[in-house]
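Reader: Please show me the chains. I would like to ask how they touch.

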Amino acid sequence: MALLPPPENWDKEKPSKDEKTWVYIALFSCFFMFFWMIGWHIFGKQNTSFVSYKVNPMEFFQLHSSFVEKYKIGEKNGVPVVKPPPESDVILLARMWSWSPILVLEKDKWYTFHISSLDLQHGFSLQPVNMNFQVVPGYDHVLKFKPTKEGEYSIICNEFCGIGHHLMIGKIIVIADGETPEKYLGEIKTEKNDFAEKGDFNPSGK
Amino acid sequence: MFRKCDITGFEVDKRGEALIKVNAVFAVVFFLVAIIAAFFLVLTRHPTIHLLPPHLYYRFLTLHGWNALLFWIIFFEIAGLYFGSTVVLNSRFSSPPLGWLAFFLMLGGALLINYTILQGKADVLFTSYPPLKAHWLYYLGVLLFAIGALLGVILFFANLVVAKREGKWQRSLPLFTFGLLTAAIIAIVTLVSGAIIFIPTFLWSLGIIDKVDPENYRIIFWGVGHPAQQINLAAMISVWYLISYLSVGGITPSEKISRLAFLLYILFINLASAHHLLVDPAVSPAWKVFNTSYAMYLAVLGSMIHAYAIPASVELAQRKRGYRGLFTWLAKAPWGNPAFSAMFISLVGFGFIGGVTGVMIGKEQTNIIHHNTLAVPGHFKGTVVIGTTLAFMGITYYLIPLIFRRKIVFYSLAKVQPWLFGLGIAMLAISMLALGYLGVPRRHYDILFSNAPFKHEFNPAMWFFWALFVIGGISAVLGAILWIFIVVLSVFFGPKLKGPEDMQIPIVPPPQEEKRNPSHSSILSPGTLTLIFIFFVWFMTYFFLNWKWLSATWYVK
Amino acid sequence: MEQEKEKNTKASILREILDDPMLLLFLGVAVYIIFYVIWGIMEVSQVSEMPAQIKQIFLTQGR
C-alpha cells in the first residue's frame, strides 16, 4: 500500500510473528557484529593503529634519508636496500612514484613502521598478503607489523597519485633465520659495485 | 494547472510534471555518458586489452564516477522527490520557478565538471584528494551542482509543507513518500557537507588559501561521497515498495516496522561515511568502530527489515489471491513485467552481493584486506548499480506511460532488459570482489607492472575473473544501452497514450478478499522467512570467512 | 469501549516523531554532525607533532 496514506492507527497494529522473529534475529546479529569488532581489538592479531603524528613532509624526508644512510646494505634498481635491526622503528616514504627504501625484515619480529608521503596521498598495499593502509602527507601513520612468513612482498600504490600511479611499486623482503636478502632480490648492488660500474663509462678507466 | 490521471486517478500538477520530465530526461543523458565511459573502462582495465592509454583511462574514470554516481542518480532522484511530494499527494508544486533554477544550476554544474574533465584539467578522479588539485572551474562546477541539488531537496520539503497546509495529507505520509523523505534528509546532510568542504577547496584552487588539510578533507568529503550513495539506498527502497505496490498490489506487512527501519536510516546511516577512513592515520579506533558500525549496526538492522518487508509485501498480496505453496507466490509473480523483474533482481542482488560485502568491507579490521582494492568498486556495483540503477530502470517502465504519456516501444525487449543488465552487473561485481580479494588494486592502469621498476605477480586465478569481468561488463553495457534505446525512443517518438486501454505494463490493484479460507497460521509469509534464512546463512558464512582471511595476514597493531 | 478508542487515537511517541518531517531532519543532521563530524575533526586536530625522541632515533648514528 506504499502509494496510499497508511491506515489511521498504523502504529497500533501488531506486527506478524514471523516479521517480529526476524527483527529480533537481525538485532541480535547486529549487536554480535559490533561487539565482535571490539573483541578483535582484545583477542585478534590484526588491528588498526592508535598512534599517528603530524609531521612536516620535508622533515619526514630528512628522517628517511638519515634512516637509509644508517642501515643501507645496497641498492636495487635505484632504490636503497635497508636492513634495520629487529624490534626497531623503520621509515617508509611514499612519493610520486616510488616507495623507499626496500626494507629487509626478519620473520616473527616486531617493527614499528612510520609511513608518510612527500607529496600526494598514496595507498600502502602489501601483496600478496593483501593488507592496505592509507598514506597521507603531513601525517605519520604509525603501524606495528610482525611479518609471519618469509618471502618477497610487493608494496603497490592503491591510491590514485597522478599519471604515473601504476608505476609505483616497492618491495619488502622478509627473511627467515639464516637467509640473506639476495635469496629473494637477486644480486644487490653495493657501494663498491656502484663505483666499478660508473668506471665502465669512463673509457680510460680500468 | 491540474490534470486528472485517467489511469491512477491522481491529480497531477502540470508545472511539477514538466520538472519531473526534464530532470528524468537529463538523468538519462548523463547515464549515457557514464555508460560510454564504462565501456572503455571495462576494455582498458583488463590487464592485456588496454583500449585506452593511461591518461585517458584516469580521465574516463573521473568522468564515469561523476556521471554514474552523481549526475544520473541525483537528477533521477530529484525527479522522484518532485513526484513523491506532488503527484502522490495530489498536491501542487510549491515554486516552479525555483524548481527551474535548481535544474539549471545542476545542469550548469554538471556540464562544467564534464567539460573540465574532458579538457584534461581535472584528472583527479571522483575523490580529488588534496594535495591533488584540479582546475578551479571543476570545483565551481561541484559547488553549482550541489547548490542546485540542495535547492531541489528544499523544494521537496516546501512541497510537503504546502500539501499539508492545503490538507492533502493529514498525519502520516504514504510509505513511498516517507522513504523519499528519508532520502531527502540524507541528501541535506550530503549537500551541506559538500558545501562545507568544496568551498575551501575551491578557494585553495584559486590560490586564495594555501592549504586544505588532507585528513579533514577526507572526513568531510566522505560525508558527501558516502551519504550520496545512502540517498540512493533510501530512494531505491522506496522504489522497491512502489514497484511491489504497482505490479502485484503489494501489502506492506507492517507500516510501523517499515517506518521504524527508515528512522534508523535517518539517524544512523550517515555515520558510515567512516567506511572510507578505517585504515587512515589521525582518527582513533574508537571513532572508527562507533561510526563504521552506524552506532552498533542499527542502520544495517534497517536494511535487514526492508529485505524482509519487501518480498513479504509481494507474498502477502499473492497469498490473498490464493497462491498457497511455499514459493508458489513467487513462481506465479508477474515475471513478464519488466518493473517487477527489475525490482526482484535488484533486491536479491543488493542483498546478497552489495549489502553483505558492504558490511564486511566496512568492518574496522576486515577493511584492512579490502581498502582500495577492486573489491570496493565491486561492492558498490552491487549496491548502486544492481540495486539503485536497476530499480530506477524498473520504475521508468511505469513513468513512461504515466508521466510521459507514451507507449513503451519494443515492449518485448524491455522484458529481457533487466535480466541482461542485472546478470551482467552481478558477474561484474562478483569478479571485481574476487579480484579485490586477490589484492588487485582499484583505479590502477597496469597491474602487470610492464614499465615499472619491479614486478608483482598476482595469483593466476585472476585471469578467470578478468574474463568474467569483461563478459559481465559488456553485457551490462549492452543492457544499459538497450534501456536507454527503449526509453529515448518511447519518450520522444513512442505512440501517444490515449487512455488506460493503451497501458502495456499492468497496474495490479491489491487483492480485496482472501479467495479461500484465510490462513490460521501465525506465520503469514513463510516463503519470505525461508528466503531470508538462506540470506542469513550466506551473511554469516561470509562474515566468518572474512575473519579467517584476515587472520592469515601479518600481525599488525 | 470509549476509553479504548481514545487510547487508540492518541499517537505514540514513536508516531509523533515519525510524522514530523522537520524533527526527523533535525535528528538526522544532529546525529551525523555530533558523532561523525565534530568527534572526527576533534580527533584530527588533537594529533600531536612527532615527538623529538622518535625523530632522534632516526637522526642519531648507529645504536
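Questions and answers on contacts follow.

Author: This is a predicted model, where local features need pLDDT of at least 70, side-chain atom pairs count only at pLDDT 80 or more, and totals for chains, interfaces and linings use all residues. Residues are numbered from 1 along each chain as its sequence is written, with chains lettered from A and ligands numbered from 1 in the order in which they are written.

Reader: Which element gives the most to the side of chain A that touches chain B?

Author: Contact means that C-beta atoms, placed from the backbone, lie within 7 Å. By that rule, 71 residues of chain A are in contact with 81 residues of chain B. Elements are DSSP runs: helices (H or I) of at least four residues and strands (E) of at least two, numbered from the N terminus. With 15 residues, the top contributor on the chain A side is H1(A).

Reader: What is the bridge partner of Phe145(A) in S3(B)?

Author: Two strands pair if DSSP finds at least two bridges between them. S10(A) pairs with S3(B), residues 555-556, in the antiparallel sense over two bridges. In S3(B), Phe145(A) has as its partner Val556(B).

Reader: Which helix gives the most to the side of chain B that touches chain C?

Author: Here 27 residues of chain B meet 19 residues of chain C. Helices H4, H5, H6, H7 and H8 of chain B each supply at least two residues to that side of chain B. The one that gives the most, with five residues, is H7(B).

Conventions
Two residues are in contact if their C-beta atoms, placed from the backbone, lie within 7 Å.
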